[in-house]
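Me: I have a new structure open and would like to learn how to read it. Could you take me through a few features, one by one?

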Amino acid sequence: MTAEENPRVGTPGVSQQNPLNTTNSTRDWLYALAIHGFHLLPLIPGEKRPAVTDWEKRATVDPAQLDRWPAGAGVGIACGPSGLVVVDCDNHGGTTPKEWDRPGIRDGVDVFADVWSRHSPNVSMFDTFTVTTPSGGLHLYFRAPVGSRIRNRTGVEWQVDVRARGGYACGPGTNLKQGTYTPAGDPGKLLPLPQWLHDMLAPQEPAQRRPMPVAPPTRSQVERRVRGLIRTVAEAPEGQRNSTLNWAAWQLAQDGLLAQEYAQALISAAETAGLPQAEAIRTIRSAAAPRGADVRGGAAA
């Protein structure tokens, strides 16, 4: 990828229009960002850590609160309340992984530029608000879609992380020992998060577990089940004959199998066990009643 295809902030020919003049104080950054809906939180001077607890809820665009900004504090941008997704392209050096070991790939900026060019070839990723980091990395700001559930993620690609719900980014004017976070472009001009990038970052819904289809029992399986129930009734010991018959009849009724041939077979099995026919018929009728079956004279109507 050529320099023209993969421009960087500071590269000759890349627009550096910047309403936030790099000579401005941190307080100037606050009001310029807040007016565009960036919810802000103070960072410990010289560090990346929040200077307040419960920072995501306390991040603000209120000028009255910004007037009381702690002296020397850095600028944190709460991504969730601001409706932002920030792609954090690092420049940490180290060994390039095999899948990215090719000419033109030096760091996270190159990696993301490569991914971007394959998905959005007609739009420059530098058309959105960007901030260079003290290490030479880059933050690219995108407007998240309404209802976005994208959260912080590390290792999206080599040296490419994401700041979103539950996270914050160090904003322009934040000073560290290594240098200052410096903006390029207008914070009011944000590209909407591309659909392909949203799909890459959004949490995936768990796959709906579909029940395994159950094949209806074959005729032989039905007959085998019925024979087993009839044998159980015929062999029921004294004192359990009626309850066993009731259970077997209910089982067949639940399966829709209490047809005439099976009802008569149950009556015969009950008689074999020692139950009078009339008592067997009453028991079967009682078991079949919830399904609406009606046993008369040993047959289902």
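Reply: Gladly! A residue counts as buried when its relative accessible area is under 20%. Keep in mind that this is a predicted model. With that cut-off, 43% of the 301 residues of the protein chain are buried.

Me: What share of the accessible surface belongs to carbon and sulfur atoms?
Reply: The surface comes to about 16,500 Å² for the protein chain, and carbon and sulfur atoms hold 50% of it.

Me: Which residues of H8 are buried?
Reply: They are Thr244, Leu245, Ala248, Ala249, Gln251, Leu252 and Ala253.

Me: Where is alanine 236, and is it buried or exposed?
Reply: Alanine 236 sits in the loop between helix H7 (219–234) and H8. Its relative accessible area is 8%, so alanine 236 is buried. Leaving aside residues up to four places away in sequence, alanine 236 touches Arg241, Thr244 and Ala273. Alanine 273 is 37 residues away from alanine 236 along the chain, yet their C-alpha atoms are separated by 6.2 Å.

Me: How does one find empty space inside a model?
Reply: Rolling a probe the size of a water molecule over the atoms shows where empty space is left. Here the count is 1 cavity of 30 Å³ or more. About 60 Å³ of space lies in the largest cavity.

Me: Which residues line the largest cavity?
Reply: The lining is made up of Val87, Val111, Phe112, Val115, Val156, Glu157, Val160, Val162, Leu197, Met200 and Leu201. Helix H5 (108–119), strand S6 (153–157), strand S7 (160–163) and helix H6 (195–201) each give two or more residues to this lining.

Me: How many of the lining residues are nonpolar, polar or charged?
Reply: The lining of the largest cavity has 10 nonpolar residues, no polar ones and 1 charged residue.

Conventions
Residues numbered from 1 in each chain as written. Predicted model: local features only at pLDDT ≥ 70, side-chain atom pairs only at ≥ 80, totals over all residues. Heavy atoms only, no water. Buried < 20%, exposed > 50% of the residue type's maximum accessible area, 1.4 Å probe, protein only. Areas by Shrake-Rupley, 256 points an atom, 1.4 Å probe, with all protein chains shown as cover. Helix = DSSP H or I, 4+ residues; strand = E, 2+ residues; numbered from the N terminus. 1 Å grid on protein atoms, 1.4 Å probe; cavity = no way out; pocket = protein on both sides within 12 Å on 5 of 7 lines; lining within 4 Å. Points joined across faces, edges and corners; volume = space filled by probe spheres on them. Nonpolar A, V, L, I, M, F, W, Y, C, P; charged D, E, K, R; others polar. Contact = heavy atoms within 4.5 Å.
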